2 protein chains.
Amino acid sequence: MRYSKQRELVHASIMSSKDHPTADRIFSEVKKEIPKISFGTVYRNLGQLVEHGFIRIIQLDGITHYDGNVDPHNHFICNECNRIYDFELDNEDFISQVEVKNHHHVSGYQLMVTGTCNKCNIN
Amino acid sequence: MRYSKQRELVHASIMSSKDHPTADRIFSEVKKEIPKISFGTVYRNLGQLVEHGFIRIIQLDGITHYDGNVDPHNHFICNECNRIYDFELDNEDFISQVEVKNHHHVSGYQLMVTGTCNKCNIN
DNA sequence: AAAATAAATAGTAATCATTACTGTTTAGTT
DNA sequence: AACTAAACAGTAATGATTACTATTTATTTT
């Protein structure tokens with residue numbers, strides 16, 4: 001993968017964003033630095049970054065978001081403020097439930113929890 | 001919601017299908033009975049059936065599928081045969097983990113587990 | 001049972017996200 | 001400095017979904 005300024009900025013945009021931006025948002029962000037960048041370039045680089053394990057895709061209500069945190073973690077989506085929070089989980093229990101009760105072999109999972117977040121709960 | 005043959009068949013198609021069909025698959029299926037049905041009709045009825053809680057949407061790799069089982073359950077996707085299995089889970093443990101450790105209030109969740117299924121594991 | 005009404009339909013056009021294509025530019029190599 | 005293949009910008013194409021409109025039809029009212 002040859003260096004390009006475009007890919008660097010696409011990556012940087014995701015890493016600096018504390019939420020999980022869409023391709024559209026990343027495009028707008030990078031456009032500030034490289035006004036002539038095209039959508040194809042953003043998508044191509046997103047694909048490569050995913051392929052090489054630098055970022056990860058998360059699907060939310062059918063919309064594709066990108067996540068710079070590639071360590072295993074889960075997402076909590078607040079129904080009120082729509083913020084997406086990362087959280088970790090002790091998952092041995094439910095993985096073993098699936099393995100023992102259903103006799104499948106588990107290699108991974110994606111968990112998305114919804115509700116109201118601690119900030120919105122205060123009111 | 002006024003009765004229509006089209007909606008009845010859209011619903012019936014999902015209920016009789018043991019996997020989780022896409023809009024496209026449902027369209028083809030219903031077309032056998034009503035050759036002049038249009039895609040708009042399928043989408044509109046899917047939307048209404050979801051809205052009234054008769055069916056449920058599941059997203060899988062960014063592709064929208066429909067599920068006639070509205071009882072709480074989770075999905076296991078086999079990486080080898082691509083079958084989707086339903087399974088239930090004792091989830092009190094991880095829900096309380098999120099509530100206690102992160103102080104969010106949980107109202108629902110979606111869990112998608114991947115791996116190799118018991119049929120594919122035999123070989 | 002006929003007339004009235006509003007919901008649902010078929011067919012088509014429009015939208016939106018994503019991918020494909022093409023000729024030009026550019027990072028890294030010889 | 002010349003070379004080569006990867007990456008680019010710009011644009012066209014695709015595929016899923018939604019919007020629009022004139023017509024049909026389920027249900028209610030007379």
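Trainee: How many residue pairs are in polar contact between chain A and chain B?

Mentor: This is a predicted model. Between chain A and chain B, 16 residue pairs are in polar contact, counting pairs with both residues at pLDDT 80 or more.

Trainee: How many salt bridges does the rule find across the interface?

Mentor: Zero, for the interface of chain A and chain B.

Trainee: Which elements supply the side of chain A that touches chain B?

Mentor: E4, H4, E5 and helix H5 (118–121) of chain A each give at least two residues. E5(A) has the largest share, with twelve residues. Sorted by class, this side of chain A holds 16 polar, twelve nonpolar and five charged residues.

Trainee: What area is buried between the two chains?

Mentor: About 2500 Å², with 54% coming from carbon and sulfur atoms. On the chain A side, Phe94(A), His104(A) and His105(A) lose the most area to chain B, together 18% of what that side buries. Each chain brings 33 residues to the contact.

Trainee: How should I read the largest nonpolar core?

Mentor: In soluble globular proteins, nonpolar side chains tend to be buried together. Here the largest such core has 24 residues, and Phe76, Phe87 and Leu111 of both chain A and chain B touch the most other members. Strands E3 (74–78), E4 (84–87) and E5 (105–116) and helix H4 (92–102) give two or more residues each, in chain A and in chain B.

Trainee: Leaving aside neighbours within four places in sequence, what is Leu111(B) in contact with?

Mentor: From chain A, Phe94(A), Tyr109(A), Gln110(A) and Leu111(A). From chain B, Asn74(B), His75(B), Phe87(B) and Leu89(B).

Note on methods
Residues are numbered from 1 along each chain as its sequence is written. Chains are lettered from A and ligands numbered from 1 in the order in which they are written. This is a predicted model: local features need pLDDT of at least 70, side-chain atom pairs count only at pLDDT 80 or more; totals for chains, interfaces and linings use all residues. Side-chain values use heavy atoms; hydrogens and water are left out. A nonpolar core is a set of buried Ala, Val, Leu, Ile, Met, Phe, Trp, Tyr and Cys residues joined through side-chain atoms within 4.5 Å. Buried means under 20% relative accessible area, exposed over 50%, partly exposed in between (1.4 Å probe, protein chains only). Helices (H or I, at least four residues) and strands (E, at least two) are DSSP runs, numbered from the N terminus. Contact means heavy atoms within 4.5 Å. Buried area is the accessible area (1.4 Å probe) that two parts lose on being put together, summed over both. A salt bridge is a side-chain nitrogen of Lys or Arg within 4 Å of a carboxyl oxygen of Asp or Glu. A polar contact is a pair of N or O atoms within 3.5 Å; within protein, one must be able to donate a hydrogen and the other to accept it, and residues adjacent in sequence count only if both atoms are side-chain atoms. Ala, Val, Leu, Ile, Met, Phe, Trp, Tyr, Cys and Pro count as nonpolar, Asp, Glu, Lys and Arg as charged, and the others, Gly among them, as polar.
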